[in-house]
Amino acid sequence: RCKCCSVPSVCGAKKVQCPGTHHCIPHWELCDRHQDCEDGWDEEGCPQQPCLPGQWQCRNRVCIMAEWKCNGIDDCGDSSDEDVCAPCPPGMVRCDEGKCILESLMCNDEDDCLDGTDEPSTCGELREATGRCPCGWGRGVMGQPRNCLPACSCQVCSARVDIRSGDLYWLAFPRLSCPRTHVPCRDGTECVAQEYMCDGEKDCADGSDEDGCAQLCDTPGQPAPCQSHEYPCGLGPCLNASLVCDGRQDCVDGSDEGGNCSVPCRRSCAPLCYPSPQGPRCWCDAGYRLAEDGLSCVDVDECTEQGKGPCSQTCLNAPGSYSCGCLPGYLLEPDGHICKLTGPEPMLLVAVQSEVLFYGLRSGREEVLLATDKERVIFSLDYDLVERKVFWMDLATESIRWQGLDPGKKGTLVKGVRSDCIAVDWLGRNLYWTDGAAGQVLATRLGAAWRGIPEYTVVMDGDLDQPHSLVLQPLAGLLYWSEVGSHPRLMKATMDGSQWHVLLAQGLGWPTALALDLPTWRIFWLDEKLGSVGSARLDGTSVKVLQLHWVRSPFAAAVCEEQLYWSERKVWSVQQVDKTSGKNRTMLLKRHGEPHGLQVPTWGSPEPCTNGCAKSNGGCAQLCLPNP
């Protein structure tokens, strides 16, 4: 009787394990026409023929027309046709294999370059040199500084490693200028979001975002850790006012006793008065705060407080209190704040190179839903909730294809199209896509079948500046898209292309990934150029932006419950963060091949149905585009 066991993975990041062995090879040795695994597994399924004359071979072995190289569009699907076109932007360096990475990613113990050139042997010297500052402006090899000013002129200084030579040098620069939504750390080397100030976690490397929090005033943009029924200790947490001047030192530093504790309460406090070392003070019960007169109390509306609200979905304020509620399809957790989806486990649908996977967001279970030929790249994708079909963009054949969850059901919807993003209107029974090169948004019927003649319509044309990501709100008959041209914007329109307007046109770089969060009535985006995550209400108000250095090359995004998910192409991973704070980043998937399309198929939406095409195709003989 035999028992088969799998060989546990022993490979580190950016390496692949040869099946059935403990041998590891770097990712870049896959399909390099050299057998690195003993059984040749690393060369199986690789294209054997070189590209035809007039074509150019991408890093992922896909062949594209030579004239498509450096046209501003990722035709390869791995961006290798655009990576090698121009000098890296300021603050970035080029790997030997072509792509640009942030200079700050040098020597971070991760192979951010596929060939590992960002982790030379001199990285050990860099770690030893951290914290020392031998020179001001300029740079020089360690021990041989050049163009250096006296050390006293250095405001912020850090050691760096040259990606080409491996030499160690010093770089001095003025303190950072932070965006208005962020504040600088005391050492001037980084910025953190205002929401991170005094939240109980040290986000600055020097911990300065948590210093002096007990003494903060209750002013706009500054959190007040002590409520009006609490006393701010000089050191340590806030203290209930009833424990002040009681003859026992409850604050760590004893600041709750002594001083003017003996002065009796004679103030005309409408609520209560308590003695303190600073003299008598008025105080309010929990859920209330002192009014401007310092004597009376007013209700705290917890539902509209600055920063993150107490409820994940709906909030109802009451005098001195509040209550949270959930939308249909959700259940309130025992903590009374968080809403979770009921029913089956929510699943993440993600395209990784030539495969589409289901990933369980609670169990972490992975399942291959479909697989195409290895030389093909599944680009953008979406899911039809009604007929249980997955639609995706096939760059190799310039077609939009589909496959049902039932075995054997598959087909081609339309050919001769190039799309950056596709989106399914499961209610109106249409599929939309963007064409960045043509500056168009197009649509076709979900039930269409390829018969040799394209059957689609141009929904919007003319004034679009490289439309990229696209998301739909079928129950409201609305669509949203991002533009990544010379004037990046977030846009909104009805699904027939009318009534379109600018949702947001400020503070954007390359908003390459959009996601809707209907329970909170917000739209999220990830910005590749600015390295940020932003969100706004669906009317364009209440904009919030978080600078997150790990946002590098986002392609697609999705929101489920309290988490934001997105695919990172250049680090071959699917990641998640808390959608409100941007914290608690987790790497969900990291496989060989770039992840692209990503969706969380769910039903939930609180809006009434206004999609005019939902019933009898709106009375149309062919394509019906809803206009609410």
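Predicted model: local features only at pLDDT ≥ 70, side-chain atom pairs only at ≥ 80, totals over all residues.
Residues are numbered from 1 along each chain as its sequence is written, and side-chain values use heavy atoms, without hydrogens or water. Local features need pLDDT of at least 70 and side-chain atom pairs 80 or more, while totals for chains, interfaces and linings use all residues.

Q: In which strand is confidence highest?
A: pLDDT is the predictor's confidence in each residue, from 0 to 100. The chain averages 78. Strands (E, at least two residues) are DSSP runs numbered from the N terminus. The lowest mean, 52, falls in β8 (residues 168-173), and the highest, 96, in strand β37 (residues 522-527).

Q: How many contacts beyond four places in sequence does the model have for residues 130-156?
A: Contact means heavy atoms within 4.5 Å. pLDDT stays under 50 over this stretch. The model still gives residues 130-156 a count of 59.

Q: What kind of aromatic pair do W433 and Y456 form?
A: Rings of Phe, Tyr and Trp (its six-membered ring) pair if their centres lie within 6.5 Å; planes under 30 degrees apart are stacked, over 60 edge-to-face, the rest tilted. Here the centres are 5.4 Å apart and the planes 75°. The pair is edge-to-face.

Q: Why does this pair tie together separate parts of the sequence?
A: W433 lies in strand β29 (residues 430-435). Y456 lies in the loop between β30 (440-445) and β31 (457-460). The pair therefore joins parts whose separation in sequence is 23 residues.

Q: Is W433 buried or exposed?
A: Buried means under 20% relative accessible area, exposed over 50%, partly exposed in between (1.4 Å probe, protein chains only). Y456, at 34%, is partly exposed. W433, at 1%, is buried.

Terms used: Helix = DSSP H or I, 4+ residues; strand = E, 2+ residues; numbered from the N terminus.
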